[in-house]
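Trainee: I would like to go through this model feature by feature. Please give the general idea each time, and then the case at hand.

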Amino acid sequence: MPISRFFNQALRTITPYTPGEQPAGAQSWIKLNTNESLFAPSPRVQLALRGGAVDNLRLYSDPACAAFLAKLADTYGVRQTQVFAGNGSDEVLAFAFLAFCEAGAAFADITYGFYPVFARLFGVSAQTIPLRADFSLAAEDYAACPQTVFIANPNAPTGLALGLTAVEAFLRQNTNRLVVVDEAYVDFGTQSAVCLLEKYDNLLVVGTFSKSRSLAGGRLGYAIGSEALIADLNTVKFSFNPYNVNRLTLLAGEAVLDDAPYFEACRAAVIETRGACSAALQALGFTLTDSRANFIFAAPPAPLSGEAYQRRLRERGILVRWFDAPRIQNYVRITIGTHAQMQTLLAVTREML
Ligand SMILES: *Cc1c(COP(=O)(O)O)cnc(C)c1O
């Protein structure tokens with residue numbers, strides 16, 4: 001990559017986040033590499049975006065995101081002053097790194113790859129705390145950490161989830177330390193920490209509409225926390241981009257929240273397919289984590305390496321994600337697709353073995 005002579009010295013050595021491949025002609029691939037939803041958004045989104053919605057694009061979006069946030073607050077049983085909307089949860093997380101990490105940030109060695117990038121971008125000192133050998137996350141390992149703690153729950157790419165008691169252990173450990181719980185995958189099999197907000201003001205829950213609500217391309221994320229934390233996020237947002245969520249996406253987000261039955265059906269289908277596909281891979285000798293997300297994290301049986309498995313699937317038109325990182329090099333992350341897509345994956349895998 002060329003670097004201009006104008007680029008800030010401080011940023012010259014940054015390693016940006018590497019998104020999963022988004023191939024041209026996505027239709028011709030079985031795309032199981034970026035944890036998108038296999039379902040289209042609720043049909044209500046189509047209706048919401050007809051007609052006047054497009055004409056109104058001449059107007060700025062609502063900087064308060066009021067109509068959307070009213071519905072979001074309702075959905076989660078919190079006050080409207082406790083919710084915040086962002087251009088994807090990546091933006092919300094970026095604002096959290098910018099706003100709340102004077103003492104640094106602490107997070108696992110194996111977790112969402114954007115945390116170290118945000119830390120680097122905003123000059124936040126980062127401490128990585130290794131997961132245990134079985135990839136589990138233990139609050140005791142953070143006892144001496146004064147930094148803001150970032151937890152993905154369920155974790156990515158392992159899929160492992162913490163129960164509420166385990167999340168609470170982080171909050172209780174040091175009530176003067178903020179804990180950010182990134183719940184991108186929470187709807188696929190673990191409990192949200194939102195109910196702990198009544199008891200703890202050192203908790204910020206971050207979520208996204210990209211996975212369980214089928215709006216990855218719409219870019220819609222949120223934070224739920226104390227009134228004061230949300231006010232701080234708004235201070236950052238209004239110092240950066242008051243119109244951070246566009247009009248069409250706000251309408252889409254409302255429409256999605258209006259269709260709870262559709263949401264429930266989609267996530268139930270993903271959970272069911274995950275179970276069936278996990279069992280089939282296990283039967284083929286794969287090592288799997290107990291994923292509570294919309295993906296499977298699996299290591300093929302020797303001598304097939306994770307990298308070779310990913311490469312050979314790609315040759316057959318199936319995209320999965322492999323991470324060139326210590327401890328997880330044997331694994332690939334496979335997004336849950338349709339039943340038919342998973343059957344193809346299994347058939348190709350059987351042939352390979
Ligand atoms: C996908 C993902 C996000 C980002 O989601 P967007 O809302 O699309 O920006 C955040 N955290 C984790 C752990 C994710 O996997």
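Trainee: Which residues does isoleucine 224 touch, not counting residues up to four places away in sequence?

Mentor: Contact means heavy atoms within 4.5 Å. Isoleucine 224 touches Tyr76, Val78, Gln82, Val83, Val194, Leu197, Leu203, Leu204, Val205 and Ile230, with residues up to four places away in sequence not counted. A word on the source: this is a predicted model, in which local features need pLDDT of at least 70 and side-chain atom pairs count only at pLDDT 80 or more, while totals for chains, interfaces and linings use all residues. Residues are numbered from 1 along each chain as its sequence is written, and side-chain values use heavy atoms, with hydrogens and water left out.

Trainee: Which members of the largest nonpolar core touch the most other members?

Mentor: In soluble globular proteins, nonpolar side chains tend to be buried together. A nonpolar core is a set of buried Ala, Val, Leu, Ile, Met, Phe, Trp, Tyr and Cys residues joined through side-chain atoms within 4.5 Å. Buried means under 20% relative accessible area, exposed over 50%, and partly exposed in between (1.4 Å probe, protein chains only). The largest core here has 51 residues, and Phe68, Leu72, Phe209 and Ile224 touch the most other members. Apart from it lies another core, of 31 residues, among them Phe188, Ala293, Leu313 and Ile334.

Trainee: Where is serine 226, and is it buried or exposed?

Mentor: Serine 226 sits in the loop between β8 and α7 (227-237); helices (H or I, at least four residues) and strands (E, at least two) are DSSP runs, numbered from the N terminus. Serine 226 counts as buried because its relative accessible area is 19%. Beyond its neighbours within four places in sequence, serine 226 is in contact with Gln82, Leu197, Asp201 and Leu203.

Trainee: Which residues are around the ligand?

Mentor: A residue is near a molecule if one of its heavy atoms lies within 4 Å of it. Around the ligand are Gly88, Ser89, Asp90, Tyr112, Asp182, Ala184, Tyr185, Thr208, Ser210, Lys211 and Arg219. For polar contacts, look for a pair of N or O atoms within 3.5 Å. A side-chain N or O atom of aspartate 182 is 2.6 Å from a nitrogen atom of the ligand. Oxygen atoms of the ligand are reached by a polar side-chain atom of tyrosine 185 at 2.6 Å and by a side-chain N or O atom of lysine 211 at 3.0 Å. The ligand taken alone exposes 390 Å², and the protein buries 92% of that (Shrake-Rupley method, 1.4 Å probe).

Trainee: How many salt bridges does a search of the whole structure find?

Mentor: Side chains of opposite charge can pair when their charged atoms come close. The criterion for a salt bridge is a side-chain nitrogen of Lys or Arg within 4 Å of a carboxyl oxygen of Asp or Glu. The search finds twelve. One of them joins glutamate 21 to arginine 314, with the closest N and O atoms 2.5 Å apart. That pair links distant parts of the chain, 293 residues apart: glutamate 21 is in the segment before β1 (30-31), arginine 314 in helix α10 (residues 306-315). Aspartate 90 and arginine 219 also meet in a salt bridge, at 3.8 Å from N to O.

Trainee: Which residues are linked with Glu254 in a network of salt bridges?

Mentor: The network links Lys71, Glu254 and Asp258. Glutamate 254 is in helix α8 (residues 247-257) and is classed as buried because its relative accessible area is 17%.

Key:
Polar contact = N/O pair within 3.5 Å; in protein donor to acceptor, adjacent residues only side chain to side chain.
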